[in-house]
Amino acid sequence: MERRPGKTRDCRRIWAVSDGRAGNARQAEALAAALSPRAEALHLEPRAPWRWLAPRRLPASACAFGDAFATHLDDTPDVAIGCGRQAALATRLAGARGARTVQILDPRIDPRLWDLVVVPEHDRLRGPNVLVVRGSLHPVDDAWLADARDAFPALGDLPGPRTAVLLGGDSRHGRFDVAAFAALADRLDVVTQRDGGSLLLTASRRTSPEVRDALRARYAERAALVWIDERNGANPYAGMLGWADRIVCSSDSVNMLSEACATRAPVFVYAPGPLDGAPQRFVDGLLADGRARAFEDALPDFDVVPLRETARIAAEVRERLGVRV
């Protein structure tokens, strides 16, 4: 049955639970931080057989994530926020101990097993305890961008326009291979030759080794910044978002597109081909309402309204769960 909020109560302890994957951890931790600066991040270490069957509960499920998590359960938080399938089991276990529970992404079982479920608009799940977010949750707002500029001041000295290029990779929804990168690079070269300025490119965790090699070969000696992995130093992704005059992002990553669209820079989507399913619906929505444009042969300035959903969802969580920090 759906869990109902009771009277308003103080919220002193919040968990942000994930399997440690960047996309899942970022969403859970962003929402938790928007609720309280005292939020605690927990990265799970799932054991068999629960690793395969989560978020379904089995006998002795309290052992699903090892002794450390079992000890944490003995000191139950006020609110447990999870993102991803493994975290959905962990938040269920916390809920059984009395925590209010928020699960991010469709758990693929009855959403009423949690107090609230947060899903992206481009997914199909709906229900009385389902909150709908456009894109993904993240920490990007004006304060975050200011901190990013402070952390990477040298990027602000580069000549403008500064074009940040965010490269994704293959997923079950579409491909971003060497041929796609080469076609994107050809367009970037034309625009850069015409407009001048600085080109800043970064790979992501899903960028394949082949595309990383192609990125290195083509731009290591030509672009103002190329980041491939930790051997290039600190990841400048935040600084790139903070200092970008315009952003080009491959279409395959809902998370990167969501964060790019949270800035005040024009965003251009590069799509080597159509995506399958929900991510294409998200891209289509960005293009339809003008927050982003397709990258074809130019990167013109246009007025934007930053897409920022985390604060709104946090406010709704507070209201729906009846908690205050």
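User: Glad to dig in! In the open sheet with parallel pairing that contains β8, what is the order of the six strands?
Analyst: In this predicted model, six strands make up an open sheet, and their pairing is parallel. Neighbouring strands are turned against each other by 20 degrees on average, direction ignored. Read across the sheet, the order is β10-β9-β8-β11-β12-β13.

User: Which strands of that sheet stand at the edges?
Analyst: An edge strand here has a single partner strand, so one side of it is left without a neighbour in the sheet.

User: Nice. What is the bridge partner of Leu200 in β10?
Analyst: Strand β9 covers residues 198-202 and pairs with β10 in the parallel sense. Three bridges join the two strands. For Leu200, the bridge partner in β10 is Leu225.

User: At about what angle to β13 does helix α10 run?
Analyst: Helix α10 spans residues 278-288 and lies across two strands, β12 (267-270) and β13. Its direction relative to β13 is about 105 degrees.

User: Let's turn to the sheet with β2. Which strands stand at its edges?
Analyst: This open sheet also has six strands, in the order β3-β2-β4-β5-β6-β7, with parallel pairing. From one strand to the next, the twist averages 20 degrees. Residues 40-43 and 130-133 each form a strand with a single partner, so one side of each lacks a neighbour in the sheet. Those edge strands are β3 and β7.

User: Which residue in β6 is the bridge partner of Gln103?
Analyst: Strand β5 (residues 100-104) and strand β6 (residues 116-120) pair in the parallel sense over three bridges. The β6 partner of Gln103 is Val117.

User: Which helix lies across β5, β6 and β7?
Analyst: Good one to look up in the viewer. The helix in question covers residues 310-321 and runs at about 170 degrees to β7. The name is α11.

User: How many nonpolar residues are in the contact of α1 with α11?
Analyst: Helix α1 (residues 22-35) packs on α11 at an angle of about 65 degrees, with the axes 9 Å apart, and the crossing is right-handed. Ala30, Leu31, Ala34 and Leu35 of α1 meet Thr310, Ile313, Ala314, Val317 and Arg318 of α11. By class, the contact includes one polar and one charged residue, and the nonpolar count is seven.

Technical notes: Residues numbered from 1 in each chain as written. Predicted model: local features only at pLDDT ≥ 70, side-chain atom pairs only at ≥ 80, totals over all residues. Heavy atoms only, no water. Pairing = 2+ DSSP bridges. Helix = DSSP H or I, 4+ residues; strand = E, 2+ residues; numbered from the N terminus. Axes fitted to C-alpha atoms, helices over the stretch in contact; angles between N-to-C directions. Contact = heavy atoms within 4.5 Å. Left-handed = near helix turned anticlockwise from the far one by under 90°. Nonpolar A, V, L, I, M, F, W, Y, C, P; charged D, E, K, R; others polar.
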